[in-house]
Amino acid sequence: MGKTAVMTGAAGRIGSGAVKKMAEAGINVAMITHNPGPAAKICQECEGFPGKVVAVTNEGGDHAAIQKTFDQFGSVDIVIMNHGGPDHPMDLLDVEPEELDKKFAHQVTMTFRTLKTAIPFLEQSGGGDIILTSSKGAFDGDNSFPFVSSVVNGAVISMTQYLANELAAKNIKVNCIAKGHMQADFLHDGETLDLTLPGPEEFGEAVMDVLNGETSGDTVLLGK
């Protein structure tokens, strides 16, 4: 039986690139989502791939969603945390402290809560991979990225390094992909894609490179 991945933030354009690349490689993918419409479309687009793609609701909580995935496929070998959209840039002195609290809860606390649930399933499966996502601003302080996102995602990079050390003995690799300026995840009316920027294909390739690599604790920069 092939490997199985659970992934948050899989139903957007960028996330779907990783879903398709994994399914093409024979990895089963469970999209943990509250967006059934886009997720169903991705499932349809992946029909016939060696790996099976399903959408699993998270309305019953992370444990129920991951347990359902484990029961269906017999293992959970990969966990990808790709949730958390971009923030709007604003002047530094216009940022309210409460915005940091809100972003931290979503990007760091929620990530840790899901991982705390998922890690025992990875252990039951004999180990595996965790991939977190961050931003270029967190990676190198590029101030063309929003302050709130950059500061909070710096904690995600720190979490990556800590977990890599902590989980090495359990045969679990932990790495991070720091996204630079990317194509839009969701298009609003009148918006067009900037095809000069990395998109789903590049994100999917980055995920596969991390999964096929041997390193742990690294943060890989994607895009400019």
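**Around Ser134**

A: Leaving out neighbours within four places in sequence, Ser134 is in contact with Asn153, Val156, Ile157, Cys176, Ile177, Ala178 and Lys179, where contact means heavy atoms within 4.5 Å. A quick word on the background: this is a predicted model, where local features need pLDDT of at least 70 and side-chain atom pairs count only at pLDDT 80 or more, while totals for chains, interfaces and linings use all residues. Residues are numbered from 1 along each chain as its sequence is written, and side-chain values use heavy atoms, with hydrogens and water left out.

Ser134 sits in strand 5 (residues 128-135); helices (H or I, at least four residues) and strands (E, at least two) are DSSP runs, numbered from the N terminus. Ser134 counts as buried because its relative accessibility is 5%. Buried means under 20% relative accessible area, exposed over 50%, and partly exposed in between (1.4 Å probe, protein chains only).

Gln107 belongs to helix 4 (residues 97-124), and its 4% relative accessibility is why Gln107 counts as buried.

For another setting, look at Phe147 in helix 6 (residues 147-167). Phe147 has 35% relative accessibility, so it counts as partly exposed.
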